[in-house]
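Dear colleague,

Please find below the structure I am handing over to you. My notes on helix packing and aromatic pairs follow it.

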Amino acid sequence: MNYKDQIIHHNKLYISCLYFLTLTFISHPVFSQIFPSEQNPLSVKWRQIDHRGFKLIYPIELEKEAQRMANTIPYIFPMEGASLGVQQTTLPIILQNRGVIANGFVQLAPRKSEFFTTPPQYFDSQDWLNNLAVHELRHVAQYDKLTHHTAVPLVEEIYLAWMGASIPLWFFEGDAVSTETSLTNAGRGRQPSWIMPYRTLLLEGKRLSYSKANFGSQKDITPGYYQLGYLLTSEIRRNFGRNIFDSLLTDIRKRPLRPYPFAGSLKKITQKTGKQWFDSTQISLQKQWQEQDKNNTSTTYEILNKKATYATNYFLPQRLENGSILTLKQSKAETAHFVEIDSNKKEKQWFGIGYQEQPWFSYANGKLVWDEIRNDPRFGQRSYSVICVYDRSTKKVRKLQARSRLFSPALSADGTKVIAVEIDLSNQSTLVELEVATGKTLFRYPNPENLILQSPAFHPDGKRITYVSVSEKGKAIWMSGKNRVPQQLTTETNQQLNRPQFLSSGIAFNAHYSGLDNIYYIDTTTKEISALSEAKYGAFNASFSTKSKELLFNDYNAEGYQIAHSTFNPQKIQADQFVFFGEPARVQENTGNVFLKTPDSNFVSKTYGKFSHLLNFHSLTPVVENEYTGGLQFKSHNLLNTFEVLAGANYHSDLKRFEYKASVSVKSLYPILTVNYENRPVRTFYTQNKITRQGDWRENYIKLNAMIPVNLNALDDYYNFAFNIGTSLTKRYMPENLPANFITSLNFPMDYRFTFSHGKRQAERDIAPRWSQIIRLKYIHQPFDEQLAGELFSIENFFYTPGFMKNHSFLVNFNYQQASGIRRYNTEINKVYGYNNILAKTKLSNTLLFNYRFPFAFPDAEVGPLVYIRNLRATLFCHYENIGQETNFAEPKTYGFELRSSMNLLRYEPIVDLGARVVFVNKVYHQNPILELIFNYSF
């Protein structure tokens, strides 16, 4: 929404200044994830179990898991909320099984929680659904403490906005991580690798500002607000005891309408603000980690990759036949891609790949395999994990199986077989052997206990495998012999065991026995465990070259995951020196593992009526559309995101009249169907007999729209298609002071829109696509209304290419429209910068826009509590309008530059985009340059 404020004449520079503020409100969750609004296919059959305030809604395939969660969730919730004084609640929880991306969240508007049940290949040492429950239920208790649960109806969206503006993310997530760690024998607070980035920075002498630790960086590795929050909340609990956050949230709830309620209440109760707690905690952390480092013996390893100027990771190094190293590279400036590194550290890029939940690939005998996420074309709740195969001899990539749910593939030494984890819709894990040439399933390993299985690997003989299992008891390493009978090599433990690889007469794997993540080795005969690395900060992902007798692995430092090597030399494991910051909270809770004594009842389940639960009104929200119009809006969203109803009324202060609106969206079908209705006042000004007159009327307006979206992705490419068809009916009544020929009916104009886009994945530093093509077609006409003849056709073409340097982007945007009749003054294409402030000479028919965008600094500058500056970037532009009529290639209509910066203001989470644009106008218009000030923000 643009606001034109004023034009100021500057006597010295002769620049006309137009000041406008662009306020962009983007719906986004207040907490750690974007709350998905996607749908499942209509074919999914849903059931429900109601027990002690919780309603579990789940696909029929998850009956067994739903029964377990119906026992577990009500049982552990009183312990989750005990330190906040919250003992019971009511909450719908949806178990989502169609996707392959592990996640979970709790939300308001509407109030619900969703558990994405497919377990990831790298997570905590406990059952995945238990892991979700112990974290997300703490969020439920936080919400209930702040909102009195359902004390006031229809205010969920207001509560959500208030919590987002009142309480920092680090508190919500840090308190939840502290709780998951205190109530179990697992939890992220017990994982050295989880806190490793912050420990590394402090031991390297790189203290962070409060804002940088909280909001992140586009050049350096930072801990993130989960880790920051865990450390701060643990320190606060250590000093003020178990019930400190009960007191804190109670004080915030009692005095909600004030600036910075969280900081104010924290200062009142603890005598410190969040910033002061950060400063003191950082000093304490550095001291404790320095003591730990003094007690640990560490080795400095030779780094085999070149040093980057910003945070860069080289994951999973493996030797190729020619002696080069193959690795998966990813950085702040580059998306994930395979790189070959020679002995001189020179890099040769292979190709980019798609999104992975964790970095993973396997190479053998000229074949390369990895898993990546593929989206369902229409239903966003459904996704797949497919295995891709690259053949070096043919240089071609193919899928092993389509629409699969296969994870962590590993090749046999001869490159003919793949072992992978398959997880079906009932959450059953199975190890499967596949033929590389055909994708045919060769063997499925039984898993009668339904252990969660992770990161399998072949023995060099191709007849034995090793893998990791996960259960509520912990993690264990297994080996299956030539007879395919599984043998458990280690007892269940809370070690972060991962990525076992056969090595000599044993297996190398990741773990943290010494309190730091390193590479360890188990002799498969004696079961004796020894250490293969002594990294200062962390070592991972071993591979062994039998040709060079060399151990390759990832050595972590302040720049990220680097490539190091050593000889195979098993050593005694050092004593455990882990610094457990969550110990005070664990002692305060004193529950042990809350999952050890969960009940085992059998509950009656029933069909969940998708059609009987369509209406779910949750919020009555104030709406401000502009400086003259505002009102209230009722909102209803069903729990499955398939049916939306909005209804409300706005008051037009300039017209002294109300308008009434309603809309219904049906999202369960392949096309998304929307019906909008408005009863609205309208005012116009017209000239009659050389006299300007004012006319008013009311009208009923109904619009119908159908949209078919298609979203595809493969490797690092994405493709999007969207087709829209819409029509409307307008009936006008109560005319006042209007001419006799006033038209009272607008009958079914037809509106067709088609969009196609293709692009590459973007890196964190990219401010525009590297490679992308977008085409938009629009056609509007009046086939059912001869009195109002007219049509409009428009086409927009966007072509993005890389610029001269990394993260630079060049855009060529050509737009054309042809309009006639009642559409002759419509504008459906992109306009030149400054268009609204330049007197038009002819009707707009085409534009050609050249934009060159580039970042030039990443200061990570904290200016006290006022601002945290993330980046500085610029745009050079040259814009043409009505080529051949008003402008030619020698004389653009406008040109100029803009400077912008992404920042956080006043330590709030929304990212603010602040900048200025200088627009020089073609001399034909005899107009001074224009200065546009830009301000927008988004969550």
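A helix crossing is called left-handed if the near helix is turned anticlockwise from the far one by less than a right angle, and right-handed if clockwise. The model is predicted, with local features requiring pLDDT of at least 70 and side-chain atom pairs pLDDT 80 or more, while totals for chains, interfaces and linings use all residues. Residues are numbered from 1 along each chain as its sequence is written, and side-chain values use heavy atoms, without hydrogens and water.

The crossing of α1 and α2 is right-handed. Helix α1 (residues 63-81) packs against helix α2 (residues 128-147) at about 45 degrees, the axes being 9 Å apart.

The whole structure holds 51 aromatic pairs (ring centres within 6.5 Å; planes under 30 degrees apart are stacked, over 60 edge-to-face, the rest tilted). Phe-105 and Phe-116 are 6.2 Å apart between ring centres with planes at 40 degrees, so this pair is tilted. Phe-105 and Phe-116 are both buried (under 20% relative accessible area, 1.4 Å probe, protein chains only).

Trp-350 and Tyr-390 form another tilted pair, at 5.7 Å and 50 degrees. Trp-350 belongs to strand β11 (residues 347-352) and Tyr-390 to strand β14 (residues 383-391), so the pair ties together parts 40 residues apart in sequence. Ring pairs also link Trp-350 and Tyr-390 into a cluster with Phe-338, Phe-351, Phe-361 and Trp-370.

With kind regards

Notes: Axes are lines fitted to C-alpha atoms, for helices over the stretch in contact, and angles run from 0 to 180 degrees between N-to-C directions. Helices (H or I, at least four residues) and strands (E, at least two) are DSSP runs, numbered from the N terminus. Rings of Phe, Tyr and Trp (its six-membered ring) pair if their centres lie within 6.5 Å; planes under 30 degrees apart count as stacked, over 60 as edge-to-face and the rest as tilted. Buried means under 20% relative accessible area, exposed over 50%, partly exposed in between (1.4 Å probe, protein chains only).
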